[in-house]
Amino acid sequence: MALPPDTGESFVREVDENLRRDQLADAAKTYGKWIVAAIILFLAAVGGYLYWQHRQAQQSVADSEALSSALDKVGSGNLKGADAELAPLGNSSSDVTRASALLAQATIAINQNDRKKASALYKQVAGDEDIPEPLRDLATVRGTMVDFDSMKPDDVIARLSTLAKPGNAFFGSAGELTGMAMIAKGDNAGAGRLFAQIAADKQVPNTIRSRAVQVASSLGVDASASMPGDPLAVPAS
């Protein structure tokens, strides 16, 4: 004989389901607009990031083209036109582009005999911590070359102290400037030893090593053996 349905249990289940639907409806009314707003904000953030990436890529291409155009003008002797094109690139969001533009402007300034402008541009690059260190070091060396005659020997030595060391990529140039500053302050013995180190460093360009041999020789230090078989070596007299 079939059992009668459990109407009590069915009724409770139906009430429970209705209650859940009512709760979901209330939650949708209460929180729905916030959920929709959160979704919109998320999509806007994603879209904004993708647009930023796209703009960055576009700007990078535009900066590269502008830099190339400016350098072409330098090559053709149109320094004024090149400087005008480089000026806005000095504010580029790309660290390398910004440094390249400022260094190029400094070179143009030197060619136009505007040492003050060149010095300021080199200091700007050297002091910008977002620019890669090798470019900042290059600016420090080039800036010291420009400022050398107006600087005290001790200031030259201090500015280049971290670069005028064997193993540093700028040891040759920084070492030469440091050595000349040491001579200017009367430290010929120290300068002679430094120029001998430069001559012995095979990582230094041969043109600089050859000059170092000559200067060391003039200071009484025979550094010619540092460049065995090198046709650029100049023996001490």
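The model is predicted: local features need pLDDT of at least 70, side-chain atom pairs count only at pLDDT 80 or more, and totals for chains, interfaces and linings use all residues. Numbering starts from 1 along each chain as its sequence is written, and side-chain values use heavy atoms, with hydrogens and water left out.

Helices first. They are DSSP runs of H or I, at least four residues, numbered from the N terminus. Axes are lines fitted to C-alpha atoms over the stretch in contact, and angles run from 0 to 180 degrees between N-to-C directions.

Take H3, residues 95–111, and H5. Their axes come within 11 Å and cross at roughly 15 degrees. H3 and H5 are therefore roughly parallel, a label for angles under 35 degrees. The crossing is left-handed: the near helix is turned anticlockwise from the far one by less than a right angle. Contact means heavy atoms within 4.5 Å. On the H3 side are Ala99, Leu103, Thr107 and Ile110; they meet Leu135, Leu138, Ala139, Arg142 and Val146 in H5. That contact has seven nonpolar residues, one polar and one charged. Ala, Val, Leu, Ile, Met, Phe, Trp, Tyr, Cys and Pro count as nonpolar, Asp, Glu, Lys and Arg as charged, and the others, Gly among them, as polar.

Next, H7 and H8, residues 188–200. Here the axes come within 8 Å and cross at roughly 165 degrees. H7 and H8 are therefore roughly antiparallel, the label for angles over 145 degrees. H7 passes H8 in a left-handed crossing. The H7 residues in contact include Phe171, Gly172 and Gly175, and those of H8 include Ala191, Leu194 and Phe195. The classes are eight nonpolar, seven polar and one charged.

H8 also packs on H9, residues 206–218, at about 150 degrees, with axes 8 Å apart. That makes H8 roughly antiparallel to H9. Phe195 and Ile198 are among the H8 residues in this contact; Ile208 and Val213 are among those of H9. Count 10 nonpolar, one polar and one charged.

Now the pocket. What is its volume? A pocket is an open set of points on a 1 Å grid where a 1.4 Å probe fits, with protein on both sides within 12 Å along at least five of seven lines; lining residues have an atom within 4 Å of a point.

Sixteen residues line the largest pocket, with Ala169, Phe170, Phe171, Gly172 and Pro205 nearest its centre. H5 (133–147) and H7 (171–184) each supply at least two lining residues. H5 gives the most, four. The lining has nine nonpolar, five polar and two charged residues.

Definitions and conventions:
Parallel < 35°, antiparallel > 145°, perpendicular 65-115°, else oblique.
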